[in-house]
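Okay, thanks for coming, everyone. I've got one structure to walk you through today, so let me put it up on the screen.

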Amino acid sequence: MTKYIIRRLLQAIPLLLITSAVIFVLLQSAGDPLATLGGRVPPRPEDRERLRRVMGLDQPIPVQYLYWLIGNDWVLIDRDGDGEPETPGTRKGVLRGDFGISSVTRQPAMQIVIDRLPNTLLLMVTAEFVIITSALFIGIYSAVRQYSLLDNVLTSLSFIMFSMPIFLVAFGLMYLFAVKTREWGLLYFPTAGMFDPRVGPTLGQLAWHLVLPVTAVSVVSIAAYSRYVRSNMLEVINSDYIRTAKAKGLNERRILFRHALKNACLPLVTLVGLDLPFFLAGAVVTEKIFAWPGMGRLFIDHLARLDYSVLMAILLLITAAVVVFQLLTDLVYTWLDPRIRYN
Amino acid sequence: MLKRNLSIFVLILALLVGVLGPVAAQEGEILRIDLTQEMDTLNPIYTNMWFSTTVMDLYLSPAWFIDDDLNPVPVLVTEIPSVENGGINEDGTVITLNLRDDIVWSDGEPITSADFVFTYDMILDPANTPSSRFPYDERITSIEASDERTVVVTFNDPYAPWLSYLFQTSVPLPMHVLQPIFESEGTIDFAEWNRAPSVGSGPFRWVEWQEGSHMRFERNENYFNDLAVLDGVFVRFVPDDATVVASLLAGDSDVGTFIPYSDAQALEESGSVNIELVNSSYNEGWFFNVDPETAHPAMLDVNVRKAIVMGFNRDQINQDLNLGITYTPGSYWEQSPYARPDAAPLPYDPEAAAQLLEEAGWVDSDGDGIREKDGVRLELRHVTSQRQIRLDVQVVAQQQLAEIGISLLLESYPSEIFFASYIDDGPTARGRYDIQEFSSPTAFPDPSFSRWLCTQIATDESPDGVNDQGYCNQEVDALFAESDRTTDFDARVALYHQIDQIITDDVIWAGVWYDPDLWAVNARFENTRISGADPLWNIANWSVAG
């Protein structure tokens, strides 16, 4: 098993390198980060050229990638634009832990990313908790009470929610439970942010502000996951070993949760394993709509300014997370299904 | 399963505790502002973002503000320099700023002429990378402190737009905070003050910036003018327009900016929000490519350009898409003294437009609905950015111009590509268009504008130019140059009227709508005078009604 893990991790190194090169080139083709500098009018050409040199954008793309990877502290750069390199570079490169400086905020790119992680994890872990719990509850109930009235209602709702674009769900929730409920004098939820400044960031405020974004993130996934759980549970509870367990007189609840659910969960683990890396990416649409300051927002904000350092740090983090979580998912399989062995 | 769920629950709790900062509730009357973009920095020399310069009015003071009537209001200086008060010398090359005796930073240190000179030095120092060095590198030969209260600025030539630039956007920096950093690190590019300006000079004091989330300000008790009426300001970053509107309607915020025209009516009808239209010199318009190297041959004929404008119903765009909030401007300097008093847009008259095209030799000889001349179809490239309303305008224009035999090929790009430079092969910078639509300001409130100068046409040898229309009229160049040197207001207005007339006659630009900034302000606030140049210039006077 240890050899298997080491082999998988070693295989990830060229994968990360190739992925980083592809992403870097694609980002470079996305436009000019100095086009507007976030302003309403393009900057003066002289300033644009000066900043291009300082940011290293005057170099060919392969050279820019090389500097991003291994740094430029071994070369001189032409900062004053006289054609003669005179200033030593200061970047150490990703291989030495330096992801560069954000061209927007002039802060270390990885620091910006790490600062946003807790907010995104709070939203996404809460949402995943709601998704898994709700999907299991709905899926198991629907399987055990197949074709009952509630099963039919839940099935219909699942299809409706699964077909809804998330922005529609988000704005629908906001309009109904924030704007209209307030207008009607009912209990209402906040529209945006993490807390009311007049109250401060208390635990209660955070929880209150989480309700709508978590609901928006969750509903589509609950709809999909509950269908998987339902179909897998149906398959398992009709299998021979469950019948045997029933014939032996085992408690119904024990059969369901200890024997049936564990096997029915195997496909769910695959789905969750695929989801986990994207916890780090955040929920781009939901974070934008509810002004939740997470990684999804960070990505969108810095994409608008083509801030390569931050974008590369985010994308590389997600790529690494995909590799790690896929490995973890494969390892969880061996625990759930002892027949699976990695040699 | 229970254990795992419990673990997740504990993780959520830990994260909740992790994101809780040390921040307490803001007490008293707090103004809550929603901005759709977050500031890139809080140091004025490192940004040209509107959002950054707008928030700056809270914690920094310029030499003078530009008020909502576009008049300069002295802040750090005793009076606005003029020839009459001796602040400007006779040939207009030396401007003297006399500083007030009582101006202090929020930590109580006096603001002196040394702070002004330090700011100038920091902008020009090669170790720093400000977003722009204009006009300090091009127009100014020196800035010196003749004493603690006097700043002497010497220009290489008389420079009329100085009021829009000089220590107005590049607000004086606190030397006593930043100089030690510059001396120890060799640059202030990475100074902590840039993101945490704990010492400022505005009516409010910066308290906190939680990235991606919000920024907090509290009243500056050391402010040298009347203290702010409000206790604090909470700026929240809300990237989605629709959320800003919902927050205003739900009462979760007090101020929103750049409100879509389509939402203005609903906000006003709510009764709790006032909409304010603020002139900031923007006019959405069509810029015509007249460069013989890159433009469609038809674009070189002024009558064809005139026909394009007359075949496009701009009033309908203003009524139907902008819900009557805007109108068709007749001048690039609309709503300013620099626009000709009789300036009026060309009327929508498709019959006259078709007649002009016929007379210019563009006729539909093959009956396919599109005109041709010498075997060339009248098929024009219309290019714009991906702002939704621009995409809507493209579709309407395509239909209307088709009715007079002009085919529009529609292209749209994200703004970072649309505005990409000549060196970066930007589609407009390289002239790969016949008509481009966007909104561009002057050096507001100053009318100066360099897009139409012959010297600004970009080439491989000189790729820095911003005149991507290829328009060159030596008379216009001479008038712009003269206006830059003319410090007398009335004489300058007369020069701009001449420029406006030539631009109109040459039909190189057609306004689609006068494009004010839409601000939404909760009706419980009063004294909310918003300026297009310094939006929050009188924030100290904002108060709660009743």
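Predicted model: local features only at pLDDT ≥ 70, side-chain atom pairs only at ≥ 80, totals over all residues.

On one side we have 62 residues of chain A, and they contact 63 residues of chain B. Which helices of chain A each bring at least two residues to that side? That would be α2 (45-55), α4 (109-144), α6 (166-183), α7 (203-237), α12 (284-289) and α13 (295-304). The largest share is from α4(A), with ten residues.

Now the backbone of chain B. Most peptide bonds are trans, and most residues other than glycine have a negative phi. Here are some exceptions.

Two cis peptide bonds to show you. One runs from B:F134 to B:P135, with omega near 0 degrees, and B:P135 sits in the loop between α3 (113-124) and β5 (140-147) of chain B. The other joins B:F444 and B:P445, omega about 0 degrees; look for B:P445 in the loop between β17 (435-439) and α13 (474-485) of chain B.

Then positive phi. B:L70 isn't a glycine, yet its phi is near 65 degrees. You'll find B:L70 in the loop between β2 (64-66) and β3 (72-74) of chain B. It counts as partly exposed because it has 17 C-beta neighbours inside 10 Å.

B:Q335, also not a glycine, has a positive phi of about 60 degrees. Its loop runs between α9 (314-321) and α10 (350-359) of chain B. With 16 C-beta neighbours inside 10 Å, B:Q335 is partly exposed too.

Conventions: Residues numbered from 1 in each chain as written. Chains lettered and ligands numbered in written order. Contact = placed C-beta atoms within 7 Å. Helix = DSSP H or I, 4+ residues; strand = E, 2+ residues; numbered from the N terminus. Buried ≥ 20, exposed ≤ 12 C-beta atoms within 10 Å, placed from the backbone.
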